[in-house]
Amino acid sequence: MFDLSPGLKALDAAHRRRTLRVAAGRHGVERPVDGRPLLSFCSNDYLGLAGHPALAEALTAGVQEYGVGAGAAHLVSGHTEAHQALEQELAAFTGRPRALLFSTGYMANLGLISALLGRGDTLVQDRLNHASLADAGILSRAKVRRFAHADPQAAEAALGQAPAGRRLLATDGVFSMDGDLAPLPQLARICTQGDAWLMVDDAHGLGVLGATGRGSLEHFGLDAKAVPVLMGTLGKALGVFGAFVAGGDELIETLIHRARSYVYTTAMPPALCQAVRAALRLTAAEPWRRQRLRELTGRFRERAQALGLPLMPSQTPIQPLLAGSETRALAWSRALEQAGIQVTAIRPPTVPEGQSRLRITFSAEHTDEQLDRLLEALARLPESAGEGA
Ligand SMILES: *Cc1c(COP(=O)(O)O)cnc(C)c1O
């Protein structure tokens with residue numbers, strides 16, 4: 001029989017055991033966690049839409065109209081008018097001919113990469129890309145070359161060593177645990193020169209960056225020619241669930257036939273599509289949400305700097321504080337919780353060895369007073385708590 005206890009004991013010894021926290025009530029910045037009200041600074045609900053009444057209403061109306069489940073995969077009988085309309089709206093939103101829904105971002109990356117690449121092809125990717133892109137590389141059987149984080153020269157060198165065959169350079173638009181941006185204009189140029197396609201996973205850029213929330217590409221002014229493959233998720237800034245790939249007609253037709261995580265899985269519930277459509281309308285109609293995020297981020301960085309906190313170079317609503325060891329990150333997280341604030345400690349393997357951190361994120365819903373509460377609690381963090389333990 002399997003003996004699983006040594007593995008779990010090793011996690012405990014390395015201070016890497018995780019515990020599930022149980023939240024109650026409608027999603028928002030303040031709600032009970034394990035029965036005690038906490039002010040959260042660690043959700044990806046950047047625009048404050050996950051608990052928004054307009055989304056709840058759209059979802060409820062969607063359930064009345066379509067029922068709950070899609071009943072089958074898209075290609076069998078699960079593809080409804082709601083899926084079709086959302087795909088068209090996502091294509092328009094991203095300025096591309098077509099978009100294709102996937103049930104999660106993880107599945108979108110697995111399906112996309114393994115549909116485009118196989119043996120003899122090369123996936124060049126940033127060292128800090130999301131785990132789903134790392135796993136997608138393995139699944140695809142392509143040769144995987146990882147380059148130094150956000151380093152265009154390293155990317156160019158990796159691409160230069162790729163054998164004949166297809167070459168795809170994949171990068172997060174905004175890095176999920178660091179909050180910094182990929183050097184997309186440089187990567188786009190390298191791909192054009194190196195006869196490669198550039199794929200951007202914009203899970204944390206979409207809805208947040210750019211004047212109209214179209215994400216990292218809008219931020220840099222890059223079009224579909226520079227970035228032919230765009231992946232986005234619907235469970236972060238858009239507040240719902242699911243993901244999509246946007247691109248040209250041939251790309252989408254290829255995915256419909258070859259992306260196994262699209263073909264062999266049940267379509268997402270149509271009511272969820274109706275909720276995402278409501279989120280897209282709010283994203284366009286309420287630019288103050290993005291403006292508010294910029295204000296909160298700017299104010300936080302200014303005051304955190306004055307406090308001497310270990311900020312990282314991020315201009316997005318993802319603002320990590322580097323702790324180093326697991327024990328220090330855990331001690332910081334516990335101290336914040338004692339002050340009524342929830343910020344989960346992020347530890348390996350989610351981040352590299354020795355780079356445990358608090359990953360603070362902002363929501364457009366956070367008030368100035370709540371930001372003050374966070375900063376006051378951070379100012380009282382135990383300086384070297386747990387270090388060397
Ligand atoms: C969250 C995330 C994903 C996965 O998306 P899900 O819809 O949560 O499965 C993929 N890529 C990045 C960069 C992410 O942050």
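Biologist: Which helix gives the most to the shell around the ligand?
Modeller: This is a predicted model. Its ligand has 13 residues around it, and Gly105 and Tyr106 are among those that come nearest. Both numbers fall within the run 105-116, which supplies three residues of the shell. The helix that gives the most is α5.

Biologist: What share of the ligand does the protein bury?
Modeller: Taken alone, the ligand exposes 380 Å². Against that area, the protein buries 82%.

Biologist: How many polar residues does the shell around the ligand have?
Modeller: Two residues of the shell are nonpolar. Three are charged. The polar residues number eight.

Biologist: Now the pockets. How much space lies in the largest pocket?
Modeller: Its lining has 40 residues, with Cys42, Gln342, Val343, Thr344 and Ala345 nearest the centre. Domain 1 (9-40 + 287-379) and domain 2 (53-285) each give at least three residues to that lining. The space in this pocket is about 1,000 Å³.

Biologist: Which element gives the most to the lining of the largest pocket?
Modeller: Strands β1 (30-33), β11 (341-342), β12 (345-346) and β13 (356-361) each supply at least two residues, as does α14 (326-338). The top contribution is four residues, and it comes from α14.

Biologist: How many charged residues are in the lining of the largest pocket?
Modeller: The lining includes 13 nonpolar residues and 16 polar ones. The charged residues number eleven.

Biologist: How much space lies in the largest cavity?
Modeller: The structure holds one cavity of 30 Å³ or more. Strand β3 (98-102) and helix α11 (260-263) each give at least two residues to its lining. The space inside is about 50 Å³.

Biologist: How many charged residues does the lining of the largest cavity have?
Modeller: His74, Leu101, Phe102, Ser103 and Ser261 are among the lining residues, as are Tyr262, Thr265, Thr266, Ala267 and Met268. By class, five are nonpolar and five polar. The number of charged residues: none.

Methods. Residues are numbered from 1 along each chain as its sequence is written. This is a predicted model: local features need pLDDT of at least 70, side-chain atom pairs count only at pLDDT 80 or more; totals for chains, interfaces and linings use all residues. Side-chain values use heavy atoms; hydrogens and water are left out. On a 1 Å grid over the protein atoms alone, a cavity is a set of points where a 1.4 Å probe fits but cannot get out, and a pocket is an open set with protein on both sides within 12 Å along at least five of seven lines; lining residues have an atom within 4 Å of a point. Grid points are joined across faces, edges and corners, and a volume is the space filled by probe spheres set on the points. Ala, Val, Leu, Ile, Met, Phe, Trp, Tyr, Cys and Pro count as nonpolar, Asp, Glu, Lys and Arg as charged, and the others, Gly among them, as polar. Domain bounds come from an automatic or database domain assignment. A residue is near a molecule or strand if one of its heavy atoms lies within 4 Å of it. Accessible areas come from the Shrake-Rupley method with a 1.4 Å probe; for residues, only the protein chains shown count as cover.
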